[in-house]
Amino acid sequence: APGRLTVVGGPMFAGKTEELVRRVRRAQIAGRGTLVVTHDLDSRYGAGRVASHSGVAVASRSVDDARAIPSILSPDVRLLAVDEAQFFGPELVPVVLDLLDAGLDVVVAGLTVTFDGRPFEPVPALMAHAETVTRLTAVCSVCGADAAYHVRLHRRGPVGDPLVAVEGHVGGTESYQARCRAHRDPGPGSG
Ligand code: ADP
Ligand code: MG
C-alpha cells in the first residue's frame, strides 16, 4: 500500500522540529525503521542531528539535493522524516511523491513563509498532497498572540561586540523573531 504524508508547517519557533522529533520517537517506539534527513545547509546544530530550539534532538543524515534522498534509504526504513524542507526547494515534491508511492510514510517539516511574509515552497505544495497537515504557530515576540510569520532583524555592533562575535559576523548580525499579523512589519531600521 502507498504511504501517508504528514506535513508540519509554520514560521520559525513554531515547534515544527519538536513535532517532527515527537513523531519520529513514536515510530521508533513502535519498532519501525526511521530515517531523519536534513539539508547540508542546515548546520546550526552540527552535522548528524536535528535539534529544536527547546533542545530535543534526534540523529539525522544530511544531503545537498533532494534527489540524493532515495540513495541513503536502507530497506528497513518505514518512516522518512525531512526537516527544514525549504532548503531543498521544489525538487523535494516529486521525490516525496515517489517515496509515498513506494510505500514509505513521510513526515516533512519546514517553513510555510519567508521572512518577508510570502509563501515558501515546497511546504505549501506538499500540504496540498498531504493526508495530514499540522499547521503550527509561534508566539509573537511583541504581544504574545499566535504568530504565523517571522521577521529578520539586523543588529549593528562594533567589531568585538560579544553578540556579534558569537554569530561570526563582523560589524553586524541578524536574528529572527516570530510575529503575529499586527506586528509582521519589522519596523524602521530593520529588515
Ligand atoms: P521550529 O522548528 O518551528 O523553528 P522548534 O521546535 O525548534 O521550532 O522550537 C520550538 C520551541 O522554541 C518552543 O517549544 C519554545 O521552547 C521555543 N521558543 C522560543 N521562542 C519562541 C516563540 N517566539 N514562540 C514559540 N516558541 C518559542
Ligand atoms: Mg526547526
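Reader: Which domains does the domain assignment of the chain give?
Author: This is a predicted model: local features need pLDDT of at least 70, side-chain atom pairs count only at pLDDT 80 or more, and totals for chains, interfaces and linings use all residues. Residues are numbered from 1 along each chain as its sequence is written, while chains are lettered from A and ligands numbered from 1 in the order in which they are written. Domain bounds come from an automatic or database assignment. For this chain that assignment gives domain 1 (5-136) and domain 2 (137-191).

Reader: Over which residues is the pLDDT below 50?
Author: pLDDT is the predictor's confidence in each residue, from 0 to 100. The chain has a mean pLDDT of 90, and 86% of its residues reach 70 or more. The pLDDT falls below 50 over residues 162-172.

Reader: What ipTM and pTM does the model score?
Author: Two scores go with the model. They are ipTM 0.99 and pTM 0.90.

Reader: How many helices and strands does the chain have?
Author: Helices (H or I, at least four residues) and strands (E, at least two) are DSSP runs, numbered from the N terminus. On that basis the chain comes to four helices and 12 strands.

Reader: What share of contacts between residues at least 6 apart in sequence join residues at least 24 apart?
Author: Two residues are in contact if their C-beta atoms, placed from the backbone, lie within 7 Å. Among contacts in the chain between residues at least 6 apart, the share that joins residues at least 24 apart is 72%.

Reader: How many residues of domain 2 are in contact with domain 1?
Author: Domain 1 puts nine residues into these contacts. By class, this side of domain 1 has seven nonpolar, two polar and no charged residues. Ala, Val, Leu, Ile, Met, Phe, Trp, Tyr, Cys and Pro count as nonpolar, Asp, Glu, Lys and Arg as charged, and the others, Gly among them, as polar. On the domain 2 side, the number of residues in contact is 11.

Reader: Which residues come nearest to ligand 1?
Author: A residue is near a molecule if its C-beta atom, placed from the backbone, lies within 6 Å of it. There are 15 residues around ligand 1. Those that come nearest are Lys 16, Thr 17, Ser 52, His 53 and Val 139.

Reader: Which element gives the most residues to the shell around ligand 1?
Author: The elements giving two or more residues to this shell are α1 (16-29) and β9 (138-139). The shell also draws at least three residues from each of domain 1 and domain 2. By class it holds six nonpolar, seven polar and two charged residues. With three residues, the element that gives the most is α1.

Reader: What percentage of the chain is buried?
Author: A residue is buried if 20 or more other C-beta atoms lie within 10 Å of its own, exposed if 12 or fewer, and partly exposed in between; C-beta atoms are placed from the backbone. The chain has 191 residues. The buried share is 35%.

Reader: How many residues does the largest nonpolar core have?
Author: A nonpolar core is a set of buried Ala, Val, Leu, Ile, Met, Phe, Trp, Tyr and Cys residues joined through C-beta atoms within 7 Å. In soluble globular proteins, nonpolar side chains tend to be buried together. Leu 80, Ala 81, Val 96, Val 106, Val 107, Val 108 and Leu 126 have the most contacts inside the largest core here. Its residue count is 43.

Reader: From which domains does this core draw at least three residues each?
Author: Several elements each supply at least two residues of the core, including β1 (5-10), β7 (105-111) and β11 (149-155). The domains that each give at least three are domain 1 (5-136) and domain 2 (137-191).

Reader: Which residues does Val 96 touch, beyond four places away in sequence?
Author: Val 96 is among the core residues with the most contacts. Not counting residues up to four places away, Val 96 touches Leu 5, Val 106, Val 108 and Leu 126.

Reader: Is Gly 110 buried or exposed?
Author: Gly 110 lies in strand β7. Leaving aside neighbours within four places, Gly 110 is in contact with Gly 9, Lys 16, Glu 84, Ala 85, Gln 86 and Val 123. Because Gly 110 has 26 C-beta neighbours inside 10 Å, it counts as buried.

Reader: What is phi of Glu 84?
Author: Glu 84 is found in the loop between β6 and α2. Glu 84 has 21 C-beta neighbours inside 10 Å, so it counts as buried. Its phi is positive in a residue other than glycine, near 55°.

Reader: Where does Phe 13 lie?
Author: Phi of Phe 13 is near 75°, positive in a residue other than glycine. With 20 C-beta neighbours inside 10 Å, Phe 13 counts as buried. Phe 13 lies in the loop between β1 and α1.
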